[in-house]
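Please look over the chain shown below and read the report that follows beside it.

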Amino acid sequence: MGSQDPVCPACGQPVATVVVRRHKTLGAVVPVWRPGPCRNPQCPAYASRQPEETQPKPHGERTRRDR
């Protein structure tokens, strides 16, 4: 684990961190973090919209990845 903020590998701009999933460790639910999408419009890796971020899942509904 580093103390540096995550950056986009294509343009070097700082990006936010997002929770990919959660898992249980010793009875506690622990988030797994990863760098988020790049929001720089001039970047080749630019993500204008992420469907999972804009529309939250209803409570109790699981996706194929969660199983």
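## Basis and confidence

This is a predicted model, in which local features need pLDDT of at least 70 and side-chain atom pairs count only at pLDDT 80 or more, while totals for chains, interfaces and linings use all residues. Residues are numbered from 1 along each chain as its sequence is written, and side-chain values use heavy atoms, with hydrogens and water left out.

The chain has a mean pLDDT (the predictor's confidence in each residue, from 0 to 100) of 77, and 66% of its residues reach 70 or more. Confidence in the chain is highest in β2, at 91, and lowest in α1, at a mean of 50.

## Overall architecture

One helix and two strands make up the elements of the chain, where helices (H or I, at least four residues) and strands (E, at least two) are DSSP runs numbered from the N terminus. From the N terminus on, their order is β-β-α.

Of the 67 residues in the chain, 15% are buried; buried means under 20% relative accessible area, exposed over 50%, and partly exposed in between, with a 1.4 Å probe and protein chains only. The chain exposes about 6,100 Å², of which carbon and sulfur atoms supply 52%; accessible areas come from the Shrake-Rupley method with a 1.4 Å probe, and for residues only the protein chains shown count as cover. Among contacts (heavy atoms within 4.5 Å) between residues at least 6 apart in sequence, 17% join residues at least 24 apart.

## The hairpin

Strand β1 (residues 17-25) pairs with β2 in the antiparallel sense over eight bridges; two strands pair if DSSP finds at least two bridges between them. Lys24 has Val29 in β2 as its bridge partner, and in the hairpin, which has two residues between the strands, Leu26 takes a positive phi near 55°.

His23, which lies in strand β1, is partly exposed, with a relative accessible area of 30%. Leaving aside residues up to four places away in sequence, His23 touches Ala28, Val29, Val30 and Val32. The side chain of His23 also makes a polar contact with the side chain of Thr25, at 3.1 Å; such a contact is a pair of N or O atoms within 3.5 Å, and within protein one must be able to donate a hydrogen and the other to accept it, with residues adjacent in sequence counting only if both atoms are side-chain atoms.

Gly36 is placed in the loop between β2 and α1 and counts as buried because its relative accessibility is 13%. The C-alpha atoms of Gly36 and Ala16 are separated by 5.2 Å, although these residues are 20 apart along the chain. Not counting residues up to four places away in sequence, Gly36 touches Val15, Ala16, Thr17 and Val18.

Asn40 lies in the loop between β2 (28-35) and α1 (51-54), and at 17% relative accessibility Asn40 counts as buried. With residues up to four places away in sequence again set aside, Asn40 touches Cys11, Gln13 and Tyr46.

## Cysteines without a disulfide

A search of the whole structure finds zero disulfides, a disulfide being a pair of cysteine sulfur atoms within 2.5 Å. The closest cysteine sulfur to that of Cys38 is in Cys11, at 3.7 Å, which is too far for a bond. Cys43 is likewise in no disulfide, and the nearest cysteine sulfur, that of Cys11, is 3.7 Å away.

Cys38 counts as buried at 5% relative accessibility, and Cys43 is buried with a relative accessible area of 6%.
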